[in-house]
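Me: Hi! I'm new to this one and would like a quick tour. Could you walk me through it?

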Amino acid sequence: MEIICGIDFGAKLAGTTSIAYLIENKVIISISEKKKDADKFLIESINDCKPSIVFIDAPLSLPIVYSTGAENDYFYRQCDKELSAMSPMFLGGLTARAMKLKFLLEDKNIVIKESYPAQLVKELSLESSYLKKTNNYDNFLSAISNQYLKFEIELNDQQTNNLNWHKIDSLLALLSAIRFKNNLSKSYGTIAEGIITI
């Protein structure tokens, strides 16, 4: 039984790192606890569910100038430019943590890919219900579930069973992984520098 995961990656102690994984026809969503190590939470979750593929909403590489020394952009990768995404350099420590997680997962033969939930929302024309300044989580979940997710969704965390945008973003990262498995995904950027897969 193959398991795939989507991760919304947040600050280490903020309680905003969420993981959604698909097991058969059930999606289980969990979130880290505030003031507890989110990286440890992710590693424990991944060790428990043993996914073959993980999609994460965080930069997994730096601009190519840092590896080649060639004159280039010191802030943005090609994939960031194509999607108007935030620079990995602006995200600093979060980028470093995500790159370390990539190393740890690849050492376990787990495929890890960078995703970008906001771009998937555009790709699926769901912007009208993806309103992060509101609490209309249920509206967005209904929109995405009716059209793209035909699974039972279970919220499973120590804090609360209520939805939030972090859980929604982990679900979107999971949807990108599902699209990838079904040869429906799109890629942005270059292999040499870094790819974002939607």
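Me: How many helices and strands does the protein chain have?

Reply: There are eight helices and eight strands in the protein chain; helices (H or I, at least four residues) and strands (E, at least two) are DSSP runs, numbered from the N terminus. This is a predicted model, where local features need pLDDT of at least 70, side-chain atom pairs count only at pLDDT 80 or more, and totals for chains, interfaces and linings use all residues. Residues are numbered from 1 along each chain as its sequence is written, and side-chain values use heavy atoms, with hydrogens and water left out.

Me: OK, the inside then. Which residues have the most contacts in the largest nonpolar core?

Reply: Those are Phe140, Ile144, Ile168, Leu172 and Leu174, in a core of 32 residues. Such a core is a set of buried Ala, Val, Leu, Ile, Met, Phe, Trp, Tyr and Cys residues joined through side-chain atoms within 4.5 Å.

Me: Which element gives the largest share of this core?

Reply: Helix 8 does, with nine residues.

Me: Let's zoom in on Leu172. What is it in contact with?

Reply: Leaving aside neighbours within four places in sequence, Leu172 is in contact (heavy atoms within 4.5 Å) with Pro117, Leu120, Val121, Tyr130, Phe140 and Ile144. Apart from that core lies another, of 21 residues, including Cys5 and Leu101.

Me: Switching to strands: why is strand 2 largely enclosed?

Reply: Five of its six residues are buried, so the rest of the structure largely encloses strand 2.

Me: Which strands does strand 2 pair with?

Reply: Strand 2 pairs with strand 1 (residues 3-8) in the antiparallel sense over six bridges, and six bridges also join strand 2 to strand 3, again antiparallel. Two strands pair if DSSP finds at least two bridges between them. Ile7 stands opposite Ile19 in strand 2, while Ile23 faces Lys26 in strand 3.

Me: What's in the turn between strand 2 and strand 3?

Reply: The two strands form a hairpin with two residues between them, and Glu24 in the turn has a positive phi of about 55°.

Notes
Buried < 20%, exposed > 50% of the residue type's maximum accessible area, 1.4 Å probe, protein only.
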